[in-house]
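Biologist: I am new to this structure. Please take one part of it and go through that part closely, then relate it to the rest.

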Amino acid sequence: MQKNVILVTGGAGFIGCHVAKRLIELGHDVVIVDNFNPYYDPSLKEARIATLLKDLPFTLYRNDIQDEHAMRKIFDRHKPNLLCHQAAQAGVRYATQDPFAYGQSNLMGTLTLLELAREFQVQGIVMASSSSVYGDAAHYPVKETDVTDQPISLYAATKRSCELIAYSYHHLYNLPITCLRYFTVYGPWGRPDMAIFSFTKAAIEGKPINVYGQGEMARDFTYIDDIVDGVIKALQVNLPWAVLNLGRGNAEPLMHMIQLVEQATGEHLEKRFLDMQPGDVKQTFADASLAKERLSWEPHTRLDEGVAAFVAWYKKYYGA
Ligand SMILES: NC(=O)c1ccc[n+]([C@@H]2O[C@H](COP(=O)([O-])OP(=O)(O)OC[C@H]3O[C@@H](n4cnc5c(N)ncnc54)[C@H](O)[C@@H]3O)[C@@H](O)[C@H]2O)c1
């Protein structure tokens, strides 16, 4: 891949920071935009930038992607030829507390970026989408051709909307865009609102955990390094238009993940079994054969290896 100027939005976030690191190491000029919002402890975002990107060359802007004026200046100054759009209001459950954050960051933020990408003639866009667009699917594993018009959370509705808006920009302005539907991404520097993080924290602090769906949920846990591989490949291949699943292709029972957290921490977790939360799907399970075919992407990391790596990072970072 030739040397590119790549704008990474959400570059202080979990996935964005890992992607930025890999891109810088590959020799690209990386420009990061992140607003360091307090959805979860911003000190973790600061620490990702300070630690993961330590001694690496990059440019950082602390801006909101919805701020068209500020974003136009950034596009104008750096003239990125590729856009790697990871910024979003993530999380399914938080939408009941702050629905407008989803409309603002996901819808208006994405629209602002697409509009600037068109104006500044960006040559390729890779956008983060989500397995949540499948809702409670009629069958598993889910394929990109499956129905995605019944989102069961506002988060999913905004992520699917972003794909639709992206298609219209591809169609109207010939912008090459790949939307990647990530499946439950986890690993070192992961998000505190996600289950592996909170279960590890509880195990180390000797606290009980809430297990929703009475422990009968399953997730297609996909390790961060595999996701980063997929994002890099999507940027390299730069398909004219694609929506691709990036998932390991395994529906792991939640209880199995909990067992692995117990093994890796050496602690027993006291479990409180509760009903499903609104917006949660029972299962995620990807058919990722299209990503394999179009990007030669293949995930490699087993769940036990990934959980052990996460727990090792957690202990080191929090001095546990
Ligand atoms: N982690 C997962 O399992 C998962 C699964 C499916 C999809 N995704 C998607 O992947 C992307 C990255 O997710 P993540 O897990 O790294 O989440 P994250 O919250 O760690 O990262 C998102 C980053 O974007 C920033 N951000 C949010 N709104 C912004 C705005 N308006 N302007 C500027 N910056 C803003 C946040 O400060 C944060 O640093 C998101 O688009 C998310 O929807 C993640």
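**A pocket and its surroundings**

Modeller: The second largest pocket has a volume of about 160 Å³. A pocket here is an open set of points on a 1 Å grid over the protein atoms alone, where a 1.4 Å probe fits, with protein on both sides within 12 Å along at least five of seven lines; a cavity is a set from which the probe cannot get out, and lining residues have an atom within 4 Å of a point. Points are joined across faces, edges and corners, and a volume is the space filled by probe spheres set on them. The model is predicted, with local features needing pLDDT of at least 70 and side-chain atom pairs pLDDT 80 or more, while totals for chains, interfaces and linings use all residues. Residues are numbered from 1 along each chain as its sequence is written, and side-chain values use heavy atoms, without hydrogens and water.

The lining of this pocket includes Tyr134, His139, Val142, Asp146 and Gln150. By class, it has 5 nonpolar, 3 polar and 3 charged residues (Ala, Val, Leu, Ile, Met, Phe, Trp, Tyr, Cys and Pro count as nonpolar, Asp, Glu, Lys and Arg as charged, the others, Gly among them, as polar).

Elsewhere, the whole structure holds 1 cavity of 30 Å³ or more. The largest cavity has a volume of about 50 Å³, and among its lining residues are His85, Asn106, Met127, Lys159 and Cys162.

Lys159 is also one of the closest residues to the ligand, along with Asp34, Tyr40, Tyr155 and Val185. An N or O atom in the side chain of Asp34 is 2.6 Å from a ligand oxygen atom. For Tyr155, a polar side-chain atom lies 2.6 Å from an oxygen atom of the ligand.

Methods. A residue is near a molecule or strand if one of its heavy atoms lies within 4 Å of it. A polar contact is a pair of N or O atoms within 3.5 Å; within protein, one must be able to donate a hydrogen and the other to accept it, and residues adjacent in sequence count only if both atoms are side-chain atoms.
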